[in-house]
Amino acid sequence: MWRIALRMLLGDRPKYLALVCGLGFAVLLISQQAAIFMGLLIRATGPLQNVAQPDLWVANKFVRYVSETRALSDEDLSRVRSTPGVLWAEPFFSSRVQCDLPSGNSRYIQLVGIDRTTMVGQPPVVTEGRLEDLRIEGAVLVEESARSKLENVRIGDTLKLNDRRAIVVGYCRAKPGFDSPAVVYTTYANCLRFVPLGRNAMTYVLVKVRPGADVRRVQEEIGRLPDVAAFTHAEMTDRTVRFILIETGIGINFGITVLLGLIVGLAVSGAIFYQFTMENSRNYAVLKAMGARRGALIGMVLLQAVWVGLIGYGVGVGCTALFTLQSRQPGMELAAYFPWQLLVGSLVGMILCISVGSLLSLRRVLRLEPAVVFK
Amino acid sequence: MSGAAEHAVRLRGVRKRFGRGNTEVRALRGVDLDLAAGQLVMLVGPSGCGKTTLVSVISGVLDADEGVAEVFGVDWGTLSAEQKTARRAELVGFVFQQFNLLAPLRAWENVAVPLVVRGTPLPRAKQAAVEALRRVGLADRAEALPAQLSGGMQQRVAIARALVGRPRLLVCDEPTANLDARTGQTVMDLIKEAASGRDEQGRRRCVIVVTHDNRTFHYADRIEEMEDGVLKQTPAEFILREATHAEPHAASAGGAGGVAGGPPRPGGAIDADF
Ligand SMILES: Nc1ncnc2c1ncn2[C@@H]1O[C@H](COP(=O)(O)OP(=O)(O)OP(=O)(O)O)[C@@H](O)[C@H]1O
Ligand SMILES: [Mg+2]
């Protein structure tokens with residue numbers, strides 16, 4: 001019976017291909033859009049992932065996501081430093097700054113400032129040059145993916161950040177933020193030279209809790225200080241993701257695309273599969289007349305549905321995987337992330353797609369009067 | 001064999017109508033019929049008189065609205081859909097006007113379908129299918145797809161399929177209508193041969209052939225004529241068969257209502273094993 005079912009399916013080449021393509025396309029749409037979406041979310045939390053050491057991120061209490069700049073003052077820093085349970089607290093700067101290139105061209109960069117002595121918040125990897133050279137006055141490290149954006153500046157080249165001279169001392173690798181700006185690292189001390197904000201120029205105070213101290217307690221203590229709040233890494237990630245999801249409208253947009261994919265998949269594959277069954281209804285009637293049992297017929301329809309479903313799923317997920325790999329190539333602006341949860345999610349989408357078609361088909365086949373064989 | 005075992009088909013007051021109200025068609029309007037095993041019975045009559053409906057009821061693919069339809073002691077009306085399906089699989093073989101082969105399946109696969117449906121393992125089903133194809137003279141076309149066969153060959157494949165499970169009842173609805181005279185004759189020869197076949201327990205078979213084709217009438221052991229949903233009391237025509245089959249059947253001459261229990265004919269050239 002299985003054999004008959006598959007022969008029926010594969011015997012009708014055009015419909016078979018249409019089914020596989022329809023399902024594949026739906027799965028592709030669903031999984032690829034979801035992958036981009038997750039990629040964007042992950043990218044948005046990039047600046048958080050770059051910094052591993054601190055237990056708490058202290059920021060203005062109204063901060064909505066990690067790349068938002070709401071300045072803290074030196075007083076805030078010293079108040080945090082004197083909070084019980086704090087092992088160390090260092091300033092961390094992050095802001096949009098105008099940068100003039102050697103050619104005379106100019107663009108905006110994301111300037112990240114770390115503490116000059118402890119280097120807390122340093123870039124994860126230094127690819128060329130030395131981290132220590134950042135201590136030189138006006139020194140900056142350029143993030144690898146920013147090379148081309150900054151017209152391939154070389155070590156020793158001079159940039160102008162807000163009209164103040166900066167010298168490139170090396171390259172590093174770090175995750176850019178949501179809108180993937182060109183990231184440039186320097187020390188907090190240098191930042192104060194480049195960015196004329198007086199002493200109120202800190203974006204975060206990065207805090208390490210004393211060994212044995214309770215992070216929650218310290219967090220609460222800092223929360224009692226005026227204007228600031230302390231967030232754990234997870235809380236900050238959460239805030240960022242929620243901001244992107246809700247306040248940027250990106251969540252809704254991608255949600256709609258994924259839903260569209262699902263609807264297209266449901267409609268197209270459902271309709272084609274049902275039509276395929278309709279065209280085979282004489283065959284089913286013949287089988288019925290010859291004594292094929294209910295269970296066997298149900299099995300045949302489901303086997304066909306699962307068959308095209310799995311192949312369509314393979315095609316769709318395969319395309320998304322290729323796309324994801326492509327987006328990993330250096331210099332690609334595409335963000336895609338393809339975790340196993342997404343595989344499961346698109347599998348569920350695929351199952352939804354084929355179940356509509358197969359339920360309709362089953363209804364048709366089971367209600368079929370075997371007497372039509374004589375017609 | 002007891003008399004009851006010889007009783008192949010028994011219909012009593014069978015009625016069937018299609019549609020409702022203005023569009024109502026009374027396709028069967030009280031049919032009584034008794035057929036004995038070992039016979040080839042032809043059902044003739046004008047188009048639309050209910051022949052197909054009648055054989056559908058007899059073969060258990062269509063439920064009668066009223067009356068009793070029994071085949072070899074199985075009363076279709078008392079069975080559930082699943083039970084009917086199971087009994088059909090073992091009792092009835094079908095040959096259709098438009099062959100109804102499954103296009104994507106090879107000839108032997110088509111022939112094996114009734115066995116596969118009953119759960120016979122594929123290697124055994126294949127063996128039986130190839131053997132059945134040999135009997136209809138298509139041993140060399142076992143691997144062909146239906147589209148690669150002529151109409152006559154397709155109908156022969158269909159006959160092999162109908163007989164591979166050795167059913168006790170063979171129902172053929174206009175088996176020669178889509179074929180030219182010569183191929184039609186080959187097909188009728190095979191059907192005639194089947195009428196003297198037996199099932200696995202050696203019990204005789206009953207063959208019902210619906211036809212319009214008066215060139216095939218001489219194959220009949222008995223002819224029943226239908227008109228407007230009922231069987232005519234006295235068959236209008238009775239065509240004598242060729243000399244070899246000339247012995248008259250008393251019961252056939254008696255018309256509907258009597259059990260037509262002709263004596264089993266000698267096998268002769270006919271393969272009684274099919
Ligand atoms: N499924 C159906 N729905 C409605 N009417 C039907 C159906 N099947 C048969 N009929 C009607 O019942 C009557 C008998 O039909 P049937 O097919 O039994 O005739 P027939 O003797 O086989 O005719 P033919 O020689 O043309 O095949 C016809 O009037 C036909 O229109
Ligand atoms: Mg008919």
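A residue counts as buried when its relative accessible area is under 20%. By that criterion, 54% of the 274 residues of chain B are buried. The model is a predicted one, and the burial figure is computed from it. Chain B contains 8 helices and 10 strands. Of its contacts with a separation of 6 or more, 70% are between residues 24 or more positions apart.

Strands of a sheet pair through backbone hydrogen bonds, either parallel or antiparallel. In chain B, 4 strands are arranged in the order 2-1-4-5, with antiparallel pairing. The edges of this sheet are strand 2 (25-36) and strand 5 (74-75) of chain B; each has a single partner strand, so one side of each has no neighbour in the sheet. Further in, strand 1 (residues 7-18) of chain B pairs with strand 4 (residues 66-71) of chain B through 5 bridges, in the antiparallel sense. Across this pairing, A69(B) in strand 4 of chain B is opposite L11(B).

Strand 9 (residues 222-227) of chain B belongs to another set of pairings. This strand is largely enclosed by the rest of the structure, because 5 of its 6 residues are buried. Strand 9 of chain B runs parallel to strand 3 (residues 40-44) of chain B, and 4 bridges join the two. One point on that pairing is I223(B) in strand 9, the bridge partner of M42(B).

Strand 9 of chain B also pairs with strand 10 (residues 230-231) of chain B, here antiparallel and over 2 bridges. E227(B) has V230(B) in strand 10 of chain B as its bridge partner. Strands 9 and 10 of chain B form a hairpin with 2 residues between them. In the turn, D228(B) has a positive phi of about 50 degrees.

Helix 4 (residues 107-117) and helix 5 (residues 122-135) of chain B pack with their axes 8 Å apart, at an angle of about 120 degrees. That angle makes helix 4 of chain B oblique to helix 5 of chain B, and their crossing is right-handed. On the helix 4 side, the residues in contact are A107(B), W108(B), V111(B), A112(B), L115(B) and V116(B). Those they meet in helix 5 of chain B include L122(B), A125(B), K126(B), A129(B) and L133(B). The residues of this contact between helix 4 and helix 5 of chain B comprise 13 nonpolar, no polar and 1 charged.

Definitions and conventions: Residues are numbered from 1 along each chain as its sequence is written. Chains are lettered from A and ligands numbered from 1 in the order in which they are written. This is a predicted model: local features need pLDDT of at least 70, side-chain atom pairs count only at pLDDT 80 or more; totals for chains, interfaces and linings use all residues. Side-chain values use heavy atoms; hydrogens and water are left out. Axes are lines fitted to C-alpha atoms, for helices over the stretch in contact, and angles run from 0 to 180 degrees between N-to-C directions. Angles under 35 degrees count as roughly parallel, over 145 as roughly antiparallel, 65 to 115 as roughly perpendicular and the rest as oblique. A crossing is left-handed if the near helix is turned anticlockwise from the far one by less than a right angle, and right-handed if clockwise. Contact means heavy atoms within 4.5 Å. Ala, Val, Leu, Ile, Met, Phe, Trp, Tyr, Cys and Pro count as nonpolar, Asp, Glu, Lys and Arg as charged, and the others, Gly among them, as polar. Buried means under 20% relative accessible area, exposed over 50%, partly exposed in between (1.4 Å probe, protein chains only). Two strands pair if DSSP finds at least two bridges between them.
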